[in-house]
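Subject: Structure handover

Hi there,

Here is the structure I promised to pass on to you. Have a look at it first, and my notes on what turned up follow just below.

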Amino acid sequence: MERTITIQGTGKVSSLPDQLILLLRLVTLDEDYRKSVEKSSEKAERISLLFEELGFLKETIKTRAFFIHTKEKSVLKNDLYETEIIGYEVNQTLEIRFPFEQSRLSAVIQALSASTLTPELTIQFAVEDTRALQQQLIQSVAADALFQAECLAGAAGLSLGELIQIKNQPSEITGVSPVDFQMEARSFQQSVPSISPIEIEEKMTATFVWQLK
């Protein structure tokens, strides 16, 4: 009977963010459906022009989310509550990615505060080269599994033979920090604090099977 050893390797890598992801949430409300959509489009166009004036390319400004829902309220009539439509609310989120530079972020915040636009701003931190991060992670998993297998085999007076199987546990490498920074529109007039985000961590596991000899 062939002797084998099965090991689950665990990999972990970390990297400092080198990109900023700005999410700008725009909300419009109007009794007329078409007007609400038009207002949202106008706001988005003004945001686009503002960023172009700051040196951003138009194609870097993308729509992350767009949805419309009916805004309602309950009204008491003849001792009964009835639902009335207030209007149509459009929620649109724009996404802009650029290299992590405090000075450039400050310029964006100042430009938004000087305008009449009032988006809700969320700042996320990311790693641009997720492929390199994934490669490091895979190497970390393999190195951990090999270390465990060699230690266990050696302790039993054996050595590793041929690697006969690898089973990878599917995992998504996002390259985005779970920590983000949010600002309300009213706080745009205040100075932007210096930001030092924590490292982005990714984990992965895989199962390796070796022959023993």
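Let me start with Glu 95, which counts as buried at 12% relative accessibility (buried means under 20% relative accessible area, exposed over 50%, and partly exposed in between, with a 1.4 Å probe and protein chains only). The side chain of Glu 95 forms a salt bridge with that of Arg 97, at 3.1 Å from N to O; the term stands for a side-chain nitrogen of Lys or Arg within 4 Å of a carboxyl oxygen of Asp or Glu. Arg 97 is partly exposed, at 37%. Through salt bridges with shared partners, Arg 64, Glu 95 and Arg 97 belong to one network.

Before I go on, please note that this is a predicted model, in which local features need pLDDT of at least 70 and side-chain atom pairs count only at pLDDT 80 or more, while totals for chains, interfaces and linings use all residues. Residues are numbered from 1 along each chain as its sequence is written, and side-chain values use heavy atoms, with hydrogens and water left out.

The count of salt bridges comes to six.

- Arg 25 and Glu 120 meet through their side chains at 3.7 Å, N to O. Arg 25 sits in strand S2 and Glu 120 in strand S5 (residues 120-126), so this pair ties together parts 95 residues apart in sequence. Strands here are DSSP runs (E, at least two residues), as are helices (H or I, at least four), numbered from the N terminus. Arg 25 is partly exposed at 33%, and Glu 120 is partly exposed at 27%.
- Asp 30 and Lys 39 form a salt bridge at 2.7 Å, N to O. Asp 30 is buried, at 15% relative accessibility, whereas Lys 39 is partly exposed at 36%.

As background, side chains of opposite charge can pair when their charged atoms come close.

Ser 48 belongs to helix H1 and is buried, with a relative accessible area of 6%. Beyond its neighbours within four places in sequence, Ser 48 is in contact (heavy atoms within 4.5 Å) with Lys 58 and Ile 61. Ser 177 lies in strand S7, residues 176-183, and at 5% relative accessibility is buried too. Leaving out residues up to four places away in sequence, Ser 177 touches Phe 125, Ile 198 and Ile 200.

Happy browsing, and do write back with any questions!

Best wishes
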